[in-house]
Amino acid sequence: RERREERREEEERERERKEEEAQEEERKTGGVQFQETYRAVAFKGDGEDGDRINLPPSALHALQFKGAMEVNGPLFFALSTREGACTHCGVLQFVAEEDTVQIPPKVQSCLGAITRTYALRYGTRTY
């Protein structure tokens with residue numbers, strides 16, 4: 001009986017933790033879920049300290065459809081590799097070829113070699 005009670009308490013703590021994580025994700029993203037995988041392509045970027053990527057036009061359409069443009073503030077994304085490297089970046093333009101993401105040198109150096117495929121996840125907005 002005592003064991004069952006401990007298990008219930010542990011399950012309740014886990015449920016509360018997941019709910020808190022979901023609320024934090026909602027706060028960060030405005031409730032917009034966007035996750036895509038693109039082939040990485042190098043480009044010069046928007047200056048020496050450029051940390052903004054170019055996405056394909058289809059990403060813009062998907063984000064518009066999901067209401068991401070209605071939330072105030074710039075778009076920020078978590079950019080990660082299959083190997084687990086991760087960084088955050090903004091969007092410069094939606095001009096990349098379909099199925100690609102153009103990544104500037106600063107972002108490349110945060111993630112490693114440009115020959116990898118990257119997963120893109122809509123992340124934090126600042127106000």
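How many helices and strands make up the secondary structure of the chain? The secondary structure comes to three helices and six strands, where helices (H or I, at least four residues) and strands (E, at least two) are DSSP runs numbered from the N terminus. This is a predicted model, in which local features need pLDDT of at least 70 and side-chain atom pairs count only at pLDDT 80 or more, while totals for chains, interfaces and linings use all residues. Residues are numbered from 1 along each chain as its sequence is written, and side-chain values use heavy atoms, with hydrogens and water left out.

**View 1. The whole chain.** Read along the sequence, the elements follow the pattern α-β-β-α-β-β-β-α-β. Of the 127 residues, 31% count as buried, where buried means under 20% relative accessible area, exposed means over 50%, and partly exposed lies in between (1.4 Å probe, protein chains only). Among contacts (heavy atoms within 4.5 Å) between residues at least 6 apart in sequence, 78% join residues at least 24 apart.

View 2. A search of the whole structure finds four salt bridges, a salt bridge being a side-chain nitrogen of Lys or Arg within 4 Å of a carboxyl oxygen of Asp or Glu. One of them joins Arg8 and Glu5, whose closest N and O atoms are 3.4 Å apart; both residues lie in helix H1 (residues 2-29), three residues apart, about one turn of the helix. Arg8 counts as partly exposed because its relative accessibility is 47%, and Glu5 is also partly exposed, with a relative accessible area of 37%.

View 3. The side chains of Glu21 and Arg17 meet in a salt bridge of 2.3 Å, N to O.

**View 4. Gln102 in strand S5.** Gln102 is found in strand S5 (residues 100-103), and its side chain is joined to that of Asn54 by a polar contact of 2.7 Å. A polar contact is a pair of N or O atoms within 3.5 Å; within protein, one must be able to donate a hydrogen and the other to accept it, and residues adjacent in sequence count only if both atoms are side-chain atoms. Not counting residues up to four places away in sequence, Gln102 touches Val41, Phe43, Ile53, Asn54, Val95 and Ala96.
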